[in-house]
Amino acid sequence: MPDRPTRIAIIGAGPAGTTTAALLAKRGASVVIFDDGRRPELVVGESLIPLMVTAFRELGIEDEVKKFGMHKPGVTFTIDDETEFRLSFQAVAGILPTYSYNVPRREFDQLLLDTALRAGARQITTQVRLEGPQAQRSEVRLAREMLEHIPEWDGVEPDLIIDASGRRRLTAKLLGLNAENGPRTDVAHFAHYTGCILPDPDGQVIISRLRQGWSWRIPLSGGRLSMGVVMNKDAAKAFGATPAEQLEAVIESEPRLRAIAQGRQRVTPVATYANYQLISERASGPGWAAVGDAFGFVDPMLSPGLCMAMESARVLAGCIPPRGGLDAGTPARLRRYGRWFARSLRHWQRLVDYFYDGRIFAIYTAGQAMSARHPGKSAEVIERHISSNLAGMASGAYTSRLYSRALLAALALHSARKKSRTPFAIR
Ligand SMILES: Cc1cc2nc3c(=O)[nH]c(=O)nc-3n(C[C@H](O)[C@H](O)[C@H](O)COP(=O)(O)OP(=O)(O)OC[C@H]3O[C@@H](n4cnc5c(N)ncnc54)[C@H](O)[C@@H]3O)c2cc1C
């Protein structure tokens, strides 16, 4: 049956799984999304970058995101009492939308799931069990009892299993795949608060360098502020025995956080995340492919996670024929997808490294000093050019662009020697 719908089983109803499902179902594939329904009340990943707005427009959901999302004009990095680096998305005018959104994950994930269901995908709430490795045709397959949920497939296995199980990395673990891990062993605690002084301008995300680690402040609709701290696991223990004690003690011990959060009321439990930076050995194999965090993720300081989840979904969906099953070219397309994904994650990680080791702030302060010494039109033009490249990288459009990466490396070489960047580095 050359025109039968391709059978796709997606494990995980996070943004990576539901975006893949929406795109494939819209093109005529028979898509089933399995999710275990074990989403906690608070899920991390609330600050989005401008490239995602283009994905919302492609899916036709920007107006719905606007209803619960908070307009985000940019990000401010506060390094110490004197040094603040304000990144406005206006600098990406002509490249991308000049804004993004901050979103509560529950509503956001539900919207993406509804979009996939509207496109024709089906949802089944159960914890998926995979079996494998199998000989030749597929390395993994759905456990027999899973197929009973899909009578329309007549007991036949899917053409492709898409692992969108997030950090649980179902297939990678089953197959014992190797992974590159990053050097940091941090822990993040966060919660939502009311009664805080909110960032200016409205919606601006604030990343602050702390004595240990860093913190985020993400303003959400309804006057809520998501506050999180990220620090070395062992350093965190000095602040208390439980995540809630540690989060509250860090806020109290940091003058900048204490000042804005004096009247705070915590309105959610404290959520904790560990484990940063991971890229799996491969993103596909016979009968399966991985998307979003299930393949890899980078440090969250610049918020690339959901963008990479949705971008990888878009690229992966483009590799799969929606009708007639997989064709002879599919494995090669999936391998190319994996190489693209690993490369993109590495580019993000290199950009994040500039923030961690202080180079970006050394470049910024050197640029400020230069403009003060030689004010005028040419200094303004150079500053605009650098800002638009840097903002373009942090917005997702230029992260992998050779010219922008080379510009940043050249600036770092000239203005960010080890001595000048050390005072800005994040411990
Ligand atoms: C501290 C921290 C801060 C972050 N901040 C940001 C941020 O501000 N902005 C941003 O864009 N990103 C951020 N991220 C990253 C972001 O949260 C992730 O990249 C994103 O959630 C990945 O989406 P996903 O769809 O790949 O996986 P997930 O959202 O994790 O979805 C996976 C789904 O699979 C389901 N599942 C797993 N196993 C099974 C199974 N066996 N059977 C059925 N279902 C299963 C899970 O229940 C879940 O619903 C942050 C991450 C961390 C750790």
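Residues are numbered from 1 along each chain as its sequence is written. Because the model is predicted, local features need pLDDT of at least 70 and side-chain atom pairs count only at pLDDT 80 or more, while totals for chains, interfaces and linings use all residues.

The ligand has 36 residues around it, of which Gly12, Gly14, Gly166, Gly292 and Gly305 come nearest; a residue is near a molecule or strand if its C-beta atom, placed from the backbone, lies within 6 Å of it. The shell around the ligand consists of 18 nonpolar, 11 polar and 7 charged residues. Here Ala, Val, Leu, Ile, Met, Phe, Trp, Tyr, Cys and Pro count as nonpolar, Asp, Glu, Lys and Arg as charged, and the others, Gly among them, as polar. At least two residues of the shell come from each of α1 (15–26), β2 (30–35) and α10 (305–319), and α10 gives the most, with 4 residues. Helices (H or I, at least four residues) and strands (E, at least two) are DSSP runs, numbered from the N terminus.

Helix α10 also packs against helix α11 (residues 330–356): their axes come within 9 Å and cross at roughly 160°. Axes are lines fitted to C-alpha atoms, for helices over the stretch in contact, and angles run from 0 to 180 degrees between N-to-C directions. The two helices α10 and α11 are therefore roughly antiparallel, a term for angles over 145 degrees. The contact (C-beta atoms, placed from the backbone, within 7 Å) involves Met308, Ser312, Val315, Leu316 and Cys319 of α10, and residues of α11 including Tyr337, Trp340 and Phe341. By class, the residues of this contact are 9 nonpolar, 3 polar and 1 charged.

Two residues other than glycine have a positive phi: about 50° for aspartate 154 and about 55° for serine 303. Aspartate 154 lies in the loop between α5 (144–147) and β10 (160–163), and counts as exposed because it has 7 C-beta neighbours inside 10 Å. Serine 303 lies in the loop between β21 (296–297) and α10, and counts as buried because it has 23 such neighbours inside 10 Å. A residue is buried if 20 or more other C-beta atoms lie within 10 Å of its own, exposed if 12 or fewer, and partly exposed in between, with C-beta atoms placed from the backbone.

Technical notes. Parallel < 35°, antiparallel > 145°, perpendicular 65-115°, else oblique. Contact = placed C-beta atoms within 7 Å.
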